[in-house]
Structures are given as structure tokens and as C-alpha cells.
Amino acid sequence: MKAIDRAEVQQKINSFAEADVYLHLETTNGAYATHNDESFFSAGAYIRNALIRYEHGKIVGDGPFRVGLKLEIGWVYGEGLTHFEIDDQGRLLLAGLDFTGKLAVALQISPSPFE
Amino acid sequence: MEKERHVLVIFPHPDDEAFGVSGTIALNIENGTPVTYACLTLGEMGRNLGNPPFATRESLPKIRRQELVDAANALGIQDLRMLGLRDKTVEFEDDEELTGKISAFIDELNPSLIITFYPGYSVHPDHEATGRAVVRAVERIAPEERPKLHCVAFSNNSLAELGEPEIINDVTAVEDKKIAAIKAHRSQTESMVATWAEKMQSQDPAMLTWIRKERFWPYKWKR
């Protein structure tokens, strides 16, 4: 993965618009967050292989970035995104890595189901 | 350390075996005892992707699978089983089905010792669910026929509630293998290992104790 290139990511987001795509969306502060700091409230969410179709999507911000996908009857949104890769299967993998390099958020779009 | 017939180690993530148990595994193998490691997931949801990142969410499982094989080789584990569950979902699996998988291992291997996490004292939901499943499986065996069940506990309340660990294995004799196993899980341990150099140089006592003394609590059966 490399640092997000906004234009390249926007182009890839556009290429998936109005098509059936599979979504991986995840936020996490790690399973040890409360163990390491008992005052920390741990929360996260995860969805894998949600079949969606968006009208359009945007990447916004100066980094870390935000990505929003407008669905016919809803929204998908992720913030804190810093890195990306378009992998050999043509999938758009976006991740937010914290200051120590640990993944905090992932938003991934694929034309075929994730394994 | 007692001589065992067969040791069955059951953890959910590649690298769970490395930190607190790999010395005990290596000692048993050097002793001629076969060790089976059943690893439930491939740690697909690990947060460490290397720094700078050399993995993605999607390539991480393949990388960690190889790291697991490398760690097993470093320890001499000949029987490595990967169960194909998914990281962070173990507690949501069907309990009975998971218990059945563990019972099948026990029936097949007839271990004299099983090592897993202590339910209630192992922090990560996958650790807890794995420990609970192993306890359920062993509980179904008549008390006099049960293999020993040694558990790893590291939650902040473990010493207060479980007391001092009953079993402390000195693994100094195999510490090179242990360190090799930890390093094999490169995607997860590289940044941690990088901070060791200085401590190893100065023979930092806390560091040496952490590596050389492996601590286990025998599971306290209600019946």
C-alpha cells in the first residue's frame, strides 16, 4: 500500500459507480485497547461482502481522507483513510493506518466477492 | 517439566503460540514428545500490516499463513492444523460445532496435555471463545480420564483472581528457537522485536524473565 493519491482513488471509485460491487468496511481500535488503557472505550464495526450499488462516490479531504458512497437509498462512509492499493484483482483497497502504522479503518470495493 | 505423551496446543491466531508458549512447545519436542498445534484463524483482522505497510487487508492472511508455517518449523512442530475460521468471529460460531471440532482432535490425538487460553482471563474475544470451547470439550471427558489442561492468562485481573501461576517453565535452553518463532511472525512482531535489541544488549531482567519463564494456570474444574 502507498499513501493515497486522491485523483487515482477518485478515478477508481468512478469506475465502480452504477454497478454491483462488494464492500468490506471495518473500523477497529484493536482488541487490546481496553486492556492497555482501562479508561478507553473500545468500539468498532465490520461488514464483509455487502453487495451494494452506488450512484456516485467521492474522496474528500487533504489527508487523512474521507470516502462517501451515495446509494439509491442510503450511504456508505469511512474516515481516517491514509493508504491505498489497487490490487491484481482490480479491487480498491483503502486503509487508514494510525501513527504507529496499525490499521484503524478499512474501506474496500471489489467487483467480485472477497474471499 | 513432566514428560508428556502428546501435547495439543489450541489457539485462535498465528503468533498466539509464539509469546507465551513456544518455549514449552520446543522443550516438549526436544524431549521427543509430539506436539500438535491447532490454529483456528489466520489472523485476518490483524492491525499490523508492517511499517511501512507491506501487507493489505486482503494479502495479510496469505502472509500470516506462511509466517505460521515458518514459526512451526522454527519450533519443530510436525503437525500443524489450520481450522479456517475467521479472525474476530470465533465467539459468533456455533458453540456446539466448535466444541465438536476440538473433541475430534482430542479423540484422534489422545493428548496427555492440552494448552489453550484461560476463559475469563485472556482479553481478546477470540482467545476467550477458544478457551471456552476447549473447556467444554475436555469437560465432557470423565474427570479421571481428562488430559491436563494448562491455560495462559494475561488479563489485568488474572493474578488477583487466579493467584500466582502454578506452573512456570524455564525455557532458557530453547530461547533461540522461541525468538526465531516470534520473529517468524514478522508482519505482527517486527516493530516489537526492533525495540528488543537494546534490552537484550543490556540483559534487561524484565525482558529476560518475559522470554525465559512461561507461566500456566491449570484449569480449575468445578467437578
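In chain B, seven strands form an open sheet with mixed pairing, in the order S3-S2-S1-S4-S5-S7-S6; strands, like helices, are DSSP runs numbered from the N terminus, with at least two residues (E) for a strand and at least four (H or I) for a helix. The model is a predicted one, in which local features need pLDDT of at least 70 and side-chain atom pairs count only at pLDDT 80 or more, while totals for chains, interfaces and linings use all residues. Residues are numbered from 1 along each chain as its sequence is written, and chains are lettered from A and ligands numbered from 1 in the order in which they are written.

Strands of a sheet pair through backbone hydrogen bonds, either parallel or antiparallel; two strands are taken to pair if DSSP finds at least two bridges between them. Strands S3 (79-85) and S6 (167-170) of chain B each have a single partner strand and stand at the edges, so one side of each is left without a neighbour in the sheet. S6(B) pairs with S7 (residues 213-218) of chain B in the antiparallel sense over four bridges, and Asn169(B) has Glu214(B) in S7(B) as its bridge partner.

The largest nonpolar core comprises 48 residues, and Val9(B), Ile10(B), Ala71(B) and Leu75(B) are among those with the most contacts inside it. Such a core is a set of buried Ala, Val, Leu, Ile, Met, Phe, Trp, Tyr and Cys residues joined through C-beta atoms within 7 Å. A residue is buried if 20 or more other C-beta atoms lie within 10 Å of its own, exposed if 12 or fewer, and partly exposed in between, with C-beta atoms placed from the backbone. Helix H5 (residues 125-139) of chain B gives the most to this core, with six residues.

Ala18(B) belongs to helix H1 (residues 16-20) of chain B and is buried, with 27 other C-beta atoms within 10 Å. Beyond its neighbours within four places in sequence, Ala18(B) is in contact (C-beta atoms, placed from the backbone, within 7 Å) with Ala71(B), Ala181(B), Ile182(B) and His185(B).

In the packing of helix H7 (residues 175-184) against helix H8 (residues 186-194), both of chain B, Ile182(B), Lys183(B) and Ala184(B) of H7(B) meet Arg186(B), Thr189(B) and Val193(B) of H8(B).

Technical notes
Axes are lines fitted to C-alpha atoms, for helices over the stretch in contact, and angles run from 0 to 180 degrees between N-to-C directions. Two residues are in contact if their C-beta atoms, placed from the backbone, lie within 7 Å.
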